[in-house]
Amino acid sequence: MSKKDRSRQISNHVPTGFYLRPRLHFTFPGELEVENCKGILLCTSQMIRLDLGRRAVLVRGDELRLLSAQKRLLRICGQIFSIEFSSGEEVSVP
């Protein structure tokens, strides 16, 4: 089987919209990459809250800052203590 045929066979099994879903990549120490983020809801040095569509994520830590906010990739660095997920409708930050 050729490389092209294998690639086509794999892509036939990938659900529609799979590559458009949000993804979080955490690297230690202290960097978080978020793909396909819909928006930034809150940004302080202790908390960053992101809209991921159906879900929201709250990143807590110290000295948090956005390294880059590109169309499909957002990078956060600092001392990350926790990452909390909630439904997208909840907008309050405790």
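Guide: We will go through the sheet, then the cysteines, then the salt bridges.

Guide: This is a predicted model, where local features need pLDDT of at least 70, side-chain atom pairs count only at pLDDT 80 or more, and totals for chains, interfaces and linings use all residues. Residues are numbered from 1 along each chain as its sequence is written, and side-chain values use heavy atoms, with hydrogens and water left out.

Visitor: OK. What order do the strands of the sheet have?

Guide: The order is β1-β2-β6-β5-β4-β3, in an open sheet of six strands with antiparallel pairing. Strands here are DSSP runs of E with at least two residues, numbered from the N terminus, and two of them pair if DSSP finds at least two bridges between them.

Visitor: Which are the edge strands?

Guide: β1 and β3 (39-43), each of which pairs on one side only. From one strand to the next the twist averages 35°, using lines fitted to C-alpha atoms as axes and angles from 0 to 180 degrees between N-to-C directions.

Visitor: How many bridges join β1 to β2?

Guide: Five, with β1 covering residues 23-27 and the two strands running antiparallel. Leu-24 has Val-34 of β2 as its bridge partner. Three residues lie between the strands of this hairpin, and Gly-30 takes a positive phi near 70° there.

Visitor: And what does β2 do with β6?

Guide: They pair in the antiparallel sense over five bridges, β6 being residues 73-87. Leu-32 stands opposite Ile-76 in β6, and Glu-31 has Cys-77 as its bridge partner.

Visitor: Which residues of β2 are on the covered face?

Guide: Leu-32 and Val-34 are on the covered face of β2 (residues 31-35), while Glu-31, Glu-33 and Glu-35 are on the uncovered one. In a regular strand the side chains alternate between the two faces of the sheet.

Visitor: Is Cys-77 buried or exposed?

Guide: Cys-77 is buried, with a relative accessible area of 10%. Buried means under 20% relative accessible area, exposed means over 50%, and partly exposed is in between (1.4 Å probe, protein chains only). Cys-43 counts as partly exposed because its relative accessibility is 42%.

Visitor: Where is Cys-43 found, then?

Guide: In strand β3. Leaving aside its neighbours within four places in sequence, Cys-43 is in contact (heavy atoms within 4.5 Å) with Ile-48 and Leu-66. Its C-alpha atom is 8.5 Å from that of Leu-64, which is 21 residues away along the chain.

Visitor: Last topic. How many salt bridges are there?

Guide: Two, counting a side-chain nitrogen of Lys or Arg within 4 Å of a carboxyl oxygen of Asp or Glu. Glu-31 forms one with Arg-75, the closest N and O atoms being 3.0 Å apart. That pair links distant parts of the chain, with Glu-31 in β2 and Arg-75 in β6, 44 residues apart. Arg-75 is partly exposed, at 27% relative accessible area.

Visitor: And which residue does Glu-84 meet in a salt bridge?

Guide: Arg-60, at 2.7 Å from N to O. Glu-84 is in β6 and Arg-60 in β5 (residues 55-69), so this pair too links distant parts of the chain, 24 residues apart. Both count as partly exposed: Glu-84 at 34% relative accessibility and Arg-60 at 22%.

Definitions and conventions. Helices (H or I, at least four residues) and strands (E, at least two) are DSSP runs, numbered from the N terminus.
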